[in-house]
Amino acid sequence: MSHSQTKTRNMTEGNIWMHLILFALPLLIGNLFQQLYNTVDSIVVGNFVSKTALAAVGSTDNIINTIIGFFSGLATGAGVVISHSFGSGDKKALHRAVHTTITLTFVLSIFFTIAGLLLAPLFLKLMATPEDVLPEASAYLRIYFAGVSGLMVYNMGSGILRAVGDSRRPLYILILCAVTNIVLDLAFVVYLGAGVEGVAYATIISQWISAILVLVILTKEQSDYSLVWKDLRIDKRTTLSILRIGFPAGLQMAITSFSNVFVQSYINQFGSSCMAGWTTYGKLDKFCLLPIQSLGLSITTFVGQNLGAKKMERARKGTAYAVILSIGAALVLMMPVMAAAPMLATLFTKDPEVIAYGVRFIRLMMPFYVAISFNQILGNALRGAGNSVVPMILMMSSFIVFRQIYLFAISHIYNTITSVALGYPFGWILCSVLLLIYYGKMGLTVKKEV
């Protein structure tokens, strides 16, 4: 077995259960460390700065995801194109896809940096950010978007590695950079007293380290997917394939996050303690969803490689297995997290009112995580088959149109924080039902070649 083959994973042969689990595990651990970036920011500011600082850092998530979400969708499209080329054994197509992907990333980094800096103040106003939270939220976003290209380069570079079945080396990079972020957070905030600005600088420095490392790995790799800097160019046909798959996914992610800016405004009307409690729940929520999301990324690569190898039945079987694994992960996590909710909330703050809100949200939302399993796995399987349009339409209908109508109506009928929060799980359930109906009728039909 060659040097490059030991790092990649060919999912077109062998035990399906083992491929899904062994590919998802490094992704899960890697995502755990990636999630530490913002979570450690929140823990540090919640304990060493103030509850308004905690609310400020937490309330920026939807703004960041609106800008970055579109790029993440394009990264999904690039990953599918690369995994198809890898699965089919087309070395020239694989080389073109990798170099087009990296070149597009460099170009888009400039665009998204400017967009983030220009749009962030507008989004803070749309969210009706309270006056006591606004200055710190503005400072955090200004620094974050100034250095956001590091995150984009890392995400796309690690996406290339994952598309060829290598989920280990992105994990090693994330572990190193998460530890760096923790050390810098404590240094800037606790010892230098830099507050919210300190955690923002810690984050972007760590992200740039991860970006440089992934580029070094791709450059030194002796394989068909290695990065040859003189070959960097945008291939028109490859770009169109990436956009055909990635644009719908990116549009869905960006618009969903943008709609959540308005959802956040419904939360914000209940005050900074509620905002901080929602932040506490939101950070724990992201950790709890990681097993499901990691299996979703795993099934995208699995389906992409197997359809590239013309193994439709194996791709379908893998999708069914991934749904079962995802539901199992949701059920295993649910009870201990709900039971330990008060202890988990105290990691972020010692304020009793904020803790009470955090516990309330955790116990209200977690029973609905089973529904997320269906929409995450089926949506990602369809994207792996090159079908991004249908998941986009169904997810936008559920997470945006339905949720906004529900929130507008409920805020005029029975405006409590519980009724507002339930807008999220009701959207998850609707999306899962719609995707189950579509998948039951259409399966993983590929209408065009990737």
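**Notebook: rings, cavities and charges**

I began with phenylalanine 402, which counts as partly exposed at 28% relative accessibility (buried means under 20% relative accessible area, exposed over 50%, partly exposed in between, with a 1.4 Å probe and protein chains only). The model is predicted, so I note that local features need pLDDT of at least 70 and side-chain atom pairs pLDDT 80 or more, while totals for chains, interfaces and linings use all residues. Residues are numbered from 1 along each chain as its sequence is written, and side-chain values use heavy atoms, leaving out hydrogens and water.

**Aromatic rings**

I looked up the aromatic pairs and found 16 in the structure (ring centres of Phe, Tyr or the six-membered ring of Trp within 6.5 Å; planes under 30 degrees apart are stacked, over 60 edge-to-face, the rest tilted). One of them joins tyrosine 281 and phenylalanine 361, tilted at 50° between the planes and 6.4 Å centre to centre. This pair links distant parts of the chain, with tyrosine 281 in helix α10 (residues 272-308) and phenylalanine 361 in helix α13 (residues 352-365), 80 residues apart. Helices here are DSSP runs of H or I, at least four residues, numbered from the N terminus. Tyrosine 281 is buried at 4% relative accessible area, and phenylalanine 361 is buried at 1%.

Next I went back to phenylalanine 402 and its partner tyrosine 406: their planes stand at 25° with centres 6.2 Å apart, so I logged the pair as stacked. Both are in helix α15 (residues 389-413), four residues apart, or about one helical turn. Tyrosine 406 is buried at 15% relative accessibility. I also noted one aromatic cluster, formed by Phe70, Phe71, Phe111, Phe112 and Phe247.

I looked up isoleucine 21 in helix α1 (residues 16-48). Isoleucine 21 is partly exposed, at 31% relative accessible area. From isoleucine 21 to glycine 423 I read 402 residues in sequence and 32 Å in space, C-alpha to C-alpha.

Which helix gives the largest share of the lining of the second largest cavity? I found that α1 does, with four residues. At least two lining residues come from each of α1, α6 (149-163) and α7 (168-191). Among the residues that line this cavity are Pro26, Tyr154, Arg162 and Leu174. By class I list six nonpolar, three polar and one charged (Ala, Val, Leu, Ile, Met, Phe, Trp, Tyr, Cys and Pro are nonpolar, Asp, Glu, Lys and Arg charged, the others polar). This second largest cavity holds about 40 Å³ of space. The structure has two cavities of 30 Å³ or more (a cavity is a set of points on a 1 Å grid where a 1.4 Å probe fits but cannot get out; lining residues have an atom within 4 Å of a point).

**Salt bridges**

I counted five salt bridges (a side-chain nitrogen of Lys or Arg within 4 Å of a carboxyl oxygen of Asp or Glu). Arginine 142 meets glutamate 197 at 3.9 Å, N to O. Arginine 142 is in helix α5 (residues 134-146) and glutamate 197 in helix α8 (residues 195-220), so the bridge ties parts 55 residues apart in sequence. Arginine 142 is partly exposed at 46%, as is glutamate 197 at 36%.

I then checked arginine 169 and glutamate 221, whose closest N and O atoms are 2.8 Å apart. Arginine 169 sits in helix α7 and glutamate 221 in the loop between α8 and α9 (236-268), 52 residues apart. I recorded both as buried.

Conventions:
On a 1 Å grid over the protein atoms alone, a cavity is a set of points where a 1.4 Å probe fits but cannot get out, and a pocket is an open set with protein on both sides within 12 Å along at least five of seven lines; lining residues have an atom within 4 Å of a point. Grid points are joined across faces, edges and corners, and a volume is the space filled by probe spheres set on the points.
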